[in-house]
Amino acid sequence: MSADASDLSLVRRVQRGDKGAFDALVLKYQHKLVKLVMRYVRNPAEAEDIAQEAFIKAYRALPQFRGDSAFYTWLYRIAINTAKNAVVSRDRSPIEYDLDRHNSEESYEMQGRMKDAETPEGLVLTDEIRSTVNAAIDALPEDLRTAIVLRELEGLSYEEIAATMDCPVGTVRSRIFRAREAIDHRLREVFEGGLGRAEELG
Amino acid sequence: MSEELDSQLSAMFDDELLPQECELLARRLSRDGELKARWGRYAVMGAVIRAERGVRLNAPLAHRVSAVLLAEPELGAAASVRAPRAGLRWWQPLAGGAVAAGVAAASILWLRAQTPLAPATLSAAAQPPAAAHTVSVVNGNAGGAHDSYVTPRAPASRALVVPSTELANYVVAHSMFSTPVARRNLLSAFMTSEPGTAGTEDASDDAKSDAKGNAQ
């Protein structure tokens, strides 16, 4: 199994003219990218604008992407450059973090230093999503919860999770899938109850 | 939607699906709105589990990007427009190589034109012009002789036939195959005509003694 095969298959489709495949890439990475950009700008709305610009730049530059690096690594660089340019052009001071630290977006110590400048309604909806997901995770059986947390929080591969949980890789895949299904069942109600933005992309 | 398909989607989201299966599922994902929405919710779950504070989970970012891209040309279409030009580009590396080869050839010819003598003869020819100049001055002072007596300034043709030490040694080594008279004449011609260019003085003496030895 090749790493990044999932992204690469979507990228190849976009390169052949399938814009719908790019939607999937945006949906997958939008949160990570906004979080990354928020190291440079404090306002989430502004961070989203910069992330949007980065995605569009990436789309336009995609014919030059040959897959030598992972798609997210490539996208990460575009977002960093876009954020830096935005900060310079708006003459604002970036938040001082060690920007070159590898995987520093996974660091949690910086989160306490960020201002939460969300709008009231955005905050409510985000909190609703967050509480729904957290409640669903708490309700999961132990083996499913451990599998999904090891995957999403620790970033372990299925093979590593299998070694950790002392079970076959196929079981890990099944556990993670069932955990997601259980969470999604409750999350869908929230989205269909008023948000449903993602559905509009279809 | 089948459970197997959802399971594959989950594995694809984690980059844990086989590439061939990814290809098939990516095609469906790009067209199936329901599948795409589920894919988006998987991303939301991950963001919540990672406690990505400050990120608006309900952000309409993906929708906005999609709306902007509606006005963009499809990449495949843009590529096909560029295709004819891309097709002609095959000769560009060849043309570049031809230009480089031409420049190299011109450089070699120019260098040859700037270097009339071979390196071996150049060192030997370094002496005669100074000697010629001396002769010229002596002749001029001695009797007001005509300029036509002045030794030519660049005896390049002579420089090319200057016998080397190796040639003298060769003659000595093969002296048994020549008559004594011819051998003596040849060696004396070497020694008397260009003693400075036939090698060092010691080497000339050695050659003489060798020749005498061989003659005896």
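Two residues are taken to be in contact if their C-beta atoms, placed from the backbone, lie within 7 Å. By this criterion, in the predicted model, 71 residues of chain A are in contact with 59 residues of chain B. Seven helices of chain A are named as giving two or more residues each to the side that touches chain B: H1 (5-15), H2 (19-37), H3 (44-61), H5 (120-138), H6 (142-152), H8 (169-192) and H9 (197-200). The largest share of this side, 13 residues, is supplied by H2(A). Sorted by class, the side of chain A that touches chain B comprises 35 nonpolar, 14 polar and 22 charged residues.

Chain A itself contains nine helices and zero strands, which follow one another along the sequence in the pattern α-α-α-α-α-α-α-α-α. Of its 202 residues, 39% count as buried. Among contacts within chain A between residues at least 6 apart in sequence, 64% join residues at least 24 apart.

In soluble globular proteins, nonpolar side chains tend to be buried together. In the present model, the largest nonpolar core has 73 residues. H2(A) gives the largest share of this core, 11 residues; H2(A) likewise gives the largest share of the side of chain A that touches chain B. The residues with the most contacts inside the core are Leu33(A), Val34(A), Val37(A), Ala51(A) and Leu187(A). When neighbours within four places in sequence are left aside, Leu33(A) is in contact with Ala51(A), Ala54(A), Leu75(A) and Ala79(A).

How values were computed. Residues numbered from 1 in each chain as written. Chains lettered and ligands numbered in written order. Predicted model: local features only at pLDDT ≥ 70, side-chain atom pairs only at ≥ 80, totals over all residues. Helix = DSSP H or I, 4+ residues; strand = E, 2+ residues; numbered from the N terminus. Nonpolar A, V, L, I, M, F, W, Y, C, P; charged D, E, K, R; others polar. Buried ≥ 20, exposed ≤ 12 C-beta atoms within 10 Å, placed from the backbone. Core = buried A, V, L, I, M, F, W, Y, C linked by C-beta atoms within 7 Å.
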